[in-house]
Amino acid sequence: MAVKIRLLRMGKIRNPQYRIVIADSRTKRDGRAIEFVGLYHPKEEPSRIEVNSDRVQHWLSVGAQPSEAVQAILSKTGDWQKFKGLPAPAEPLKVAAAAPDRRAAYEAEAQAAAGLAEAPKAAKKAAEPKKKAEAEAPAAQAEEQSGAGAGEEA
């Protein structure tokens, strides 16, 4: 029995998602597989590649032949070079950044909203004494000037 390591297509139209599978070479592309050994999602940025390296090495050692696409994927992960005894790939496999914690983002937004709600009240309270001081200051200056002028006359 000729065994192949190939891609099994899944996903929706225009959104392909593949499983890397071990299958008999005579089965259909999306037919029955012997074993699932990885994932490949090309539409994500960067492409999501997950491979069970131990199982791939086992199947390569017993004679399974990878398809061209799978061989390219295994070259990116370094599994093909490991099997052939070549040096590891020059550039490391790109990994997507960790998704931000939605709960932490929500709590930060809630605190910011609460802080903004309190800030205008505090600003109004701080502005009121300034207005009173400004209103009293010209009157006090006028009294000083009138008082000083009256003292000079007397």
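Trainee: Which residues line the second largest pocket?
Mentor: Take the term first. A pocket is an open set of points on a 1 Å grid over the protein atoms alone, where a 1.4 Å probe fits, with protein on both sides within 12 Å along at least five of seven lines; lining residues have an atom within 4 Å of a point. The second largest pocket is lined by E44, E45, P46, S47, R48, I49, E50, L93, K94, V95 and A96.

Trainee: What kind of model is this?
Mentor: Residues are numbered from 1 along each chain as its sequence is written, and side-chain values use heavy atoms, leaving out hydrogens and water. Local features need pLDDT of at least 70, side-chain atom pairs count only at pLDDT 80 or more, and totals for chains, interfaces and linings use all residues, for the model is predicted.

Trainee: How many residues of the second largest pocket's lining are charged?
Mentor: Asp, Glu, Lys and Arg count as charged; Ala, Val, Leu, Ile, Met, Phe, Trp, Tyr, Cys and Pro as nonpolar; the others, Gly among them, as polar. In this lining, five are nonpolar and one is polar. The charged residues number five.

Trainee: What volume does the largest pocket have?
Mentor: A volume is the space filled by probe spheres set on the grid points, which are joined across faces, edges and corners. The second largest pocket has about 170 Å³. For the largest pocket, the value is about 240 Å³.

Trainee: Which helix gives the largest share of the largest pocket's lining?
Mentor: Helices are DSSP runs of H or I with at least four residues, strands are runs of E with at least two, and both are numbered from the N terminus. The lining includes Y40, A72, I73, K76 and L93. Seven of its residues are nonpolar, one is polar and four are charged. The largest share, three residues, comes from residues 68-77, helix α2.

Trainee: How many bridges join β2 to β3?
Mentor: Two strands pair if DSSP finds at least two bridges between them. Strands β1 (residues 3-12) and β2 pair antiparallel over ten bridges, with L7 partnered by I20 in β2. Strand β3 (residues 35-41) also runs antiparallel to β2, and Y18 stands opposite Y40 there. The bridges from β2 to β3 number five.

Trainee: Which residue in the hairpin turn has a positive phi?
Mentor: β1 and β2 form the hairpin, with two residues between them. The phi is about 60°, and it belongs to R14.

Trainee: Is D24 buried or exposed?
Mentor: D24 sits in strand β2, where seven of ten residues are buried. Buried means under 20% relative accessible area, exposed over 50%, and partly exposed in between (1.4 Å probe, protein chains only). D24 has 13% relative accessibility, so D24 is buried.

Trainee: Which residues does D24 touch?
Mentor: Contact means heavy atoms within 4.5 Å. Leave out residues up to four places away in sequence, and D24 touches M1, A2, R6 and I34.

Trainee: Which residue forms a salt bridge with D24?
Mentor: A salt bridge puts a side-chain nitrogen of Lys or Arg within 4 Å of a carboxyl oxygen of Asp or Glu. The structure holds four. Here the closest N and O atoms are 3.1 Å apart, and the partner is R26.
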